[in-house]
Amino acid sequence: MELCGVTYHAPCDASELSMASDSVDFYISIVVLQHVPAQVLKAILAEGNRVVRPGGLFLHKIDHSDHFSHTDAAISAINFLQFDDAEWEKYAGNRFMYVNRLRQDDYLEIIRAAHQNVLLCEAGVDDRAHELLEKNGLKLAERFARKPKDILEITSSWILSEKPCASS
Ligand SMILES: C[S@@+](CC[C@H](N)C(=O)[O-])C[C@H]1O[C@@H](n2cnc3c(N)ncnc32)[C@H](O)[C@@H]1O
């Protein structure tokens, strides 16, 4: 770590960092945000805005898939979209399996509401999920039934955003 110039802070809460304001050029998270409740996510982005310098970049890789599908081939990557929040809480409302089930459009809304400019957004689409949605093969919970299919079939995202410079 020392050789690479890396300082590893753990445990650490990303909504309360010890770093100085405007001291960070690049802020990267890899498959973290889907494990964070939406309210905490807003606090994490606000703290990110504090530590990142104006014009600094945020890059997030987000895994939107049902994590139970990683080890159970019988279910699809969007299997969890059938459950309402109360039922999903029974299966995954614990500190080991929690995922927020936010979709790509929700993240974009939250990031923009945090006053960051979204520079790039890439979507990974799951073929099996696409097919299921096309055939109406999954009864969706109301929270998801309202969303377009081309959002629901996205199972991973790369989102690049920028903390605006003071003048922009
Ligand atoms: C699937 S793991 C991703 C690990 C990551 N890619 C890495 O290389 O360390 C999700 C991580 O999110 C972290 N996490 C969840 N909420 C957090 C928070 N509020 N602040 C900091 N880390 C958090 C968890 O501790 C966990 O290590």
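**Entry 1: strand pairing.** I began with strands E2 and E4 (residues 154-162), which pair in the antiparallel sense over seven bridges. I counted two strands as paired if DSSP finds at least two bridges between them. Within this pairing, Phe 58 has Ser 161 of E4 as its bridge partner. The model is a predicted one, in which local features need pLDDT of at least 70 and side-chain atom pairs count only at pLDDT 80 or more, while totals for chains, interfaces and linings use all residues. Residues are numbered from 1 along each chain as its sequence is written, and side-chain values use heavy atoms, with hydrogens and water left out.

I then turned to strand E1 (residues 24-30), which pairs with E2 (residues 52-63) in the parallel sense over six bridges. Val 24 stands opposite Val 52 in E2. From E1 the chain crosses through helix H1 (residues 38-51) to E2, and this β-α-β crossover is right-handed. The term applies if, with the strands pointing away from the viewer, the path from the first strand over the helix to the second runs clockwise.

**Entry 2: whole chain.** I listed six helices and four strands, in the order β-α-β-α-α-β-α-α-α-β from the N terminus. Both kinds of element are DSSP runs numbered from the N terminus: helices are H or I with at least four residues, strands are E with at least two. The C-alpha atoms fill a box of roughly 50 × 35 × 30 Å along the principal axes. Of the 168 residues, 39% are buried; I used under 20% relative accessible area for buried, over 50% for exposed, and partly exposed in between (1.4 Å probe, protein chains only). Among contacts (heavy atoms within 4.5 Å) with a separation of 6 or more, 77% join residues 24 or more positions apart.

**Entry 3: Glu 47.** I looked up Glu 47, which lies in helix H1. Glu 47 is buried, with a relative accessible area of 10%. Not counting residues up to four places away in sequence, Glu 47 touches Ala 14, Ser 15, Glu 16 and Leu 17.

Entry 4: In H3 (residues 104-113) I noted as buried Gln 104, Asp 106, Tyr 107, Leu 108, Ile 110 and Ile 111. These buried residues pack against H1, E2, strand E3 (117-125) and E4. Just after H3, His 115 takes a positive phi of about 65°.

Which residues does Gln 116 contact, leaving aside its neighbours within four places in sequence? I found Leu 45, Asn 49, Phe 58, Ile 111, Ser 161, Glu 162 and Pro 164. Gln 116 sits in the loop between H3 and E3 and is buried, at a relative accessible area of 3%. Its C-alpha atom is separated by 26 Å from that of Thr 7, 109 residues apart along the chain.

**Entry 5: backbone exceptions.** Most residues other than glycine have a negative phi, and most peptide bonds are trans. I recorded a cis peptide bond from Ala 10 to Pro 11, with omega near 0°; Pro 11 is in the segment before E1. Asp 22, also found in the segment before E1, has a positive phi of about 55°. Asp 22 is partly exposed, with a relative accessible area of 43%. Asn 136, in the loop between helix H4 (127-134) and helix H5 (142-145), has a phi near 50°. Asn 136 counts as exposed at 60% relative accessibility.
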